[in-house]
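Subject: Structure handover

Hello,

Here is the structure we discussed, with the sequence alongside. My notes follow below it.

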Amino acid sequence: MIRPEGRPVLTAAQMRAAEEATGESVSALMERAGTAIAVAVRRLASSSEILIVCGPGNNGGDGYVAARVLAERGAKVRVAALGDPKTDAAKAARAGWSGPVEAFADAAPAPILVDALFGTGLTRPLDEPATKTTNTTPAKAGAQLGSAIDSPPASPIWAPAFAGVGTVADGRPPLNRSPAEAGAQLKPSSNSARHPGTPASARERPIVEQLHHLATAAHLTIAIDLPSGLATDTGAALSPPPIFDVTLALGAAKPSHLLQPAARYCGEVRILDIAIPVTSDTHVLDRPDLPTPGPDAHKYTRGMVAIIAGAMPGASDLAALAAMHAGAGYVTLLGDTSGPPHALVRAPFSDHALANDRIGALVVGPGLGRSDEARSLLQSALATNHPLVLDGDALRLLTPDRIAASNRPAILTPHAGEFDALFGKSDADKITRTRAAAKAANAIVVFKGADTVIAAPDGRVRIAPHASDWLSTAGTGDVLAGAIGAMLAARLAPFDAAAAGVWLHADAARRLGPAFIADELALALRKARASL
Ligand SMILES: NC(=O)C1=CN([C@@H]2O[C@H](COP(=O)(O)OP(=O)(O)OC[C@H]3O[C@@H](n4cnc5c(N)ncnc54)[C@H](O)[C@@H]3O)[C@@H](O)[C@H]2O)[C@@H](O)CC1
Ligand SMILES: Nc1ncnc2c1ncn2[C@@H]1O[C@H](COP(=O)(O)OP(=O)(O)O)[C@@H](O)[C@H]1O
Ligand SMILES: [K+]
């Protein structure tokens, strides 16, 4: 089980291509995957009873292999299936399992739940027919659901109604919802309502609802490749699954292990090495390798950061504090500000002060405002040659073309509102959008959020694993801009500077626990830096 940091991220198609490029049969790969899953599950499950739920595709095939290997090694394991296997490899894997196969809908819970229903092949919400029609009678609905798994129904689990039950209507995640709460939100009564006189029973449970039921009753939930119900590439929760404790990603991380809302259903993500060579221009953000000052260091070799103060000086103060605690040698705040810390060099704004060629990074935007005065300050910043960190209001006053024309290293740190305003709204996934934005502005783009994506104009991408939801407090973005400024001034390549700043920011947040404020976050960067 490998931690995902620093590892390549592959889409479903890229993973399939990597799989094919090995020249090995699907069965051989499945045998390796299933064995690796069995070893990992055994380690996590100890001696508890394990229930493996298997779907009709190769994800289910992995589940059958894992069940066989676990049983061979003495584990207590049960298998429940959602219909018959459909692929040749999954059929062979099913044939290799000599124990009983329970119907998924009837399966009783076990302390350990292993979800091998669907992986990278899921293309539509669970419990949704392949082709939607209207005015469907319950009998027809059952037939359609059978076709949804491209396999004849193996048991009467398909007969009852399916539509809409157990899904969150607007597709949004149930924020911070425990599996138990998630299960409680489901509405088994809607089945009874559609079938008057029929008591709600396990036999009637649609897929999503039964999965929630089994997860709620389990002590430990483990998803194979992805929790069933998540899209692989976009971060979409097609059918919100239970929140899993652990997700075992096969061969490589996939975008939905990192992108929200999907990522929050995955729990701890661990990669299982199944000896498939994988490469990608997208990676999970990794701990940076930052130098500590040597005996020849002085304040300018550590890096000089200049920050332009504007209408809201608190924001630029936070950026300055962050730059200092991220390790900059000299931080100057240009504008009309006052107060501690004494190590911060506060100076009135002037083009002369800005012309200092020792400035290694110029941070503009935190608290800048959008007045004519703000525009003029921004204009002065663009008239220099300093590498730029553009945040907040600066992003509201510029266009991608103008940033591209500024012709020097630049790092943009938009949150979702600023991103939409600068680059336009789109339904594309966050990785695609950030990559396109970096190209358009010829700059590094740090698209912030609970799933921060960093992209370079050459197509490289880093995705930050989720840090802390407590970052959702005013001023934390200013802290990030300052931290990135410190990295840029230290002469890191702009893409690496952005990545290092995001990492330090996330690590500082994790260290602080709940309900911190941005001032504390800036101070905690010191501990994050010290841990490297
Ligand atoms: N990538 C790799 O290196 C390897 C992948 N393997 C496994 O193969 C999985 C992918 O297998 P598949 O491509 O067969 O895909 P899945 O096992 O994820 O299932 C896809 C099947 O379900 C059907 N389906 C899709 N959406 C549905 C829905 N909403 N309701 C009902 N049925 C639906 C599809 O038509 C297809 O038949 C991976 O996640 C992984 O577990 C391993 O077996 C071998 C190695
Ligand atoms: N739920 C969350 N989980 C993790 N990080 C978050 C979350 N919400 C916000 N963040 C992070 O917190 C920071 C917020 O920045 P921003 O929205 O610019 O705030 P402000 O303008 O108040 O400083 C960003 O670095 C963002 O990635
Ligand atoms: K799964």
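To start with one position, Val101 lies in strand β3, which covers residues 101-103. Please keep in mind that this is a predicted model. Leaving aside residues up to four places away in sequence, Val101 touches Val79, Ala80 and Ala81. Val101 has 17 other C-beta atoms within 10 Å, so it is partly exposed. Gly501 sits 400 residues from Val101 along the chain, and the C-alpha atoms of the two are separated by 51 Å.

Gly501 also belongs to a helix pair. In α18, Gly501 is among the residues that meet α17, together with Pro494, Ala497, Ala498, Ala500, Val502, Leu504 and His505. The α17 side of this contact consists of Val479, Leu480, Ala483, Ile484, Met487 and Leu488. By type, the contact residues are twelve nonpolar and two polar, with no charged ones.

As for geometry, α17 spans residues 476-489 and α18 spans residues 494-512. The two pack at an angle of about 135°, and their axes are 8 Å apart. The angle therefore makes α17 oblique to α18. The crossing of α17 past α18 is right-handed.

Then the ligand. Ligand 1 is surrounded by 33 residues, of which Gly57, Asn58, Asn59, Gly119 and Gly121 are the closest. Helices α1 (12-21), α2 (26-45) and α3 (58-72) each supply at least two residues of this shell. The most comes from α3, with five residues. The shell around ligand 1 is made up of 14 nonpolar, twelve polar and seven charged residues.

Regards

Technical notes:
Residues are numbered from 1 along each chain as its sequence is written. Chains are lettered from A and ligands numbered from 1 in the order in which they are written. This is a predicted model: local features need pLDDT of at least 70, side-chain atom pairs count only at pLDDT 80 or more; totals for chains, interfaces and linings use all residues. Helices (H or I, at least four residues) and strands (E, at least two) are DSSP runs, numbered from the N terminus. A residue is buried if 20 or more other C-beta atoms lie within 10 Å of its own, exposed if 12 or fewer, and partly exposed in between; C-beta atoms are placed from the backbone. Two residues are in contact if their C-beta atoms, placed from the backbone, lie within 7 Å. A residue is near a molecule or strand if its C-beta atom, placed from the backbone, lies within 6 Å of it. Ala, Val, Leu, Ile, Met, Phe, Trp, Tyr, Cys and Pro count as nonpolar, Asp, Glu, Lys and Arg as charged, and the others, Gly among them, as polar. Axes are lines fitted to C-alpha atoms, for helices over the stretch in contact, and angles run from 0 to 180 degrees between N-to-C directions. Angles under 35 degrees count as roughly parallel, over 145 as roughly antiparallel, 65 to 115 as roughly perpendicular and the rest as oblique. A crossing is left-handed if the near helix is turned anticlockwise from the far one by less than a right angle, and right-handed if clockwise.
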